[in-house]
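Me: I have a structure open here and would like to go through it. Could we start with how a pair of helices is packed?
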Amino acid sequence: MTVAEAGLLIALGAVVFLDQWPAVQAMVSRPVVVGPIVGWILNAPGDGVLWGAVIETMQLAVQPVGAARYPDAALAGLLGTTAAMTGIQGAAYPAGWAVAVAVTAGWGGDAVGRMQRRWNGGTAAAVRSRVAQGSLGAPGRGIAVALSRGATLGAAQTAVGLAIVLAGGRLLAGTPWAGPLDADGVRIAAAAMAAVGGARVLGFGRRRAAALVLGTLAGVALVTWGGAA
Amino acid sequence: MKRDAGLSRRLRRVRRRVALRSTLLQAVWNYDSLQAVGFAWAILPGLERIRPDPEERAQRVHAHLESFNANPYMASLAMGVTLRMEEEIARGAAGAERRLARLLRALRGSLGAIGDDLFWTAWRPALGLAAAVAAMATASVWPAIVYLLAWNGLAQGVRVAGVRAGFAAGAGVARVLQDPFWAGASRAASLAGSFAAGVGLGAGGAWAVVGGGEWGGGAIFFVTVALLWLAGTRVGPRGRLMSPALAFLAVVILLGAIHHLSKGAWP
């Protein structure tokens, strides 16, 4: 990985940290979108598309309902895809390593997100006291401070994560401990995760069960006759 | 436009600014006042029109810094309602301030429930599933692009329309929340998501048979599905046996071991 690529990934880490909850929530931070961007940065868009989809299936069941705590899907997508792409040996991805990175990054990112929310408490209190003194610019300044802090945290956690991913990838390269798996194996595991995650999250009613059966037939037809093999 | 007839001329022009600012609603999210700072900042352009005096304006902004939380896309509806009620408060309507506080407390729950059900429980998993399965089948970036367009078409559309609808409805906002659109959109997304989950199941099975090695590959796929299903099963009061992500890690390691032991050829 070149310095320019690492720099772009770190900048992407800042953007997706903000998109995940503090700003816009345009879902640029979802793994299925982050994966292709990482693939584009690392000059292998096809690998990025596959791994973005794989990590998206892992995160399907995670729902930010209310003020619930949830894993950082953006960091999981970014670092998991990077781990898969930088550790590839021939046709085999270090799949076990990449998924382990995605799981751990999800937890780590959640801890950083909680830290940001606690710091935001101080910013909100300062905004409140300044508005009480008549400053109408205080909310805007508070938002600017919180967003800058978020971008810095996003970039920093990505930089630390990248260092761990590259070091770990080097240690595991070529060993069975990386959980080597070819694209077929990865796709099969992710398709199973998509089916189970989707059915669990969306539930089963009569209509939903019918849609699931119809979808299964469509999936078989897509691969058998539609050239999606 | 006829639909704008209920909007006061002073506020019509700031509607889009409020909707745009609502994208930063959660910027200062914290465990004490939740989204309050983002909420107060978003409605500030409207308050500027209603309260030209900075001191009075600061008092109203301060009142909105107490606490607020709702689904981030649906919150713009509460912003529209707030501006409408702020106009009444500025006109000196009796009890308007108390009515607004009560209404906002009630809206927090309703907007959270409807928005979370529509966006987080139905649309996001459904679109994510469809995009992930399509991406695996086509190896193209188009599913990701379509995902972004579809999500933002709905989510940002609700944001923009919410300010207008909330302002037009004012205290009668319950009418907007009872619109069958919300339940219909959730149902449609659940059906589409179930269809996409089915496509994943069918395509995964077929990939395993075609690309993974005849019926041995198919058997491995269905054992994988069974293991993942089992991992999500509720066990006693402690909930799931294993988190989906950890179950997926276990499955990938298992498949990797099979792949390694069979020296790269699927059984």
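Predicted model: local features only at pLDDT ≥ 70, side-chain atom pairs only at ≥ 80, totals over all residues.

Me: At what angle do α3(A) and α4(A) pack?
Reply: Helix α3 of chain A, residues 45-59, and helix α4 of chain A, residues 73-86, pack at about 135°, and their axes are 9 Å apart. That angle makes α3(A) oblique to α4(A).

Me: Let us step back to chain A as a whole. How many helices and strands does it have?
Reply: Chain A has eight helices and two strands. Read from the N terminus, the order of its elements is α-α-α-α-β-α-α-β-α-α.

Me: What about its dimensions, and how much of it is buried?
Reply: Along the principal axes, the C-alpha atoms of chain A fill a box of roughly 70 × 50 × 25 Å. Of its 229 residues, 57% count as buried. If one takes the contacts in chain A between residues at least 6 apart in sequence, 71% join residues at least 24 apart.

Me: Now chain B. How are α5(B) and α6(B) placed relative to each other?
Reply: Helix α5 of chain B, residues 75-91, packs with α6(B) at an angle of about 175°, with the axes 10 Å apart. The two helices are therefore roughly antiparallel, as angles over 145 degrees count as such.

Me: What is that contact made of?
Reply: Among the residues on the α5(B) side are Leu77(B), Val81(B) and Met85(B), while α6(B) contributes residues including Leu100(B), Leu103(B) and Leu107(B). By class, the contact has 12 nonpolar residues, one polar and three charged.

Me: Last topic: how many residues of each chain take part where A and B touch?
Reply: The contact takes 91 residues from chain A and 85 residues from chain B. On the chain B side, the elements that give two or more residues include α3 (36-50), α7 (142-169) and α11 (244-261).

Me: Which element of chain B gives the most?
Reply: That is α9(B), with 19 residues.

Me: What is the class make-up of that side?
Reply: The side of chain B that touches chain A has 54 nonpolar, 27 polar and four charged residues.

Technical notes. Residues numbered from 1 in each chain as written. Chains lettered and ligands numbered in written order. Contact = placed C-beta atoms within 7 Å. Helix = DSSP H or I, 4+ residues; strand = E, 2+ residues; numbered from the N terminus. Nonpolar A, V, L, I, M, F, W, Y, C, P; charged D, E, K, R; others polar. Buried ≥ 20, exposed ≤ 12 C-beta atoms within 10 Å, placed from the backbone. Axes fitted to C-alpha atoms, helices over the stretch in contact; angles between N-to-C directions. Parallel < 35°, antiparallel > 145°, perpendicular 65-115°, else oblique.
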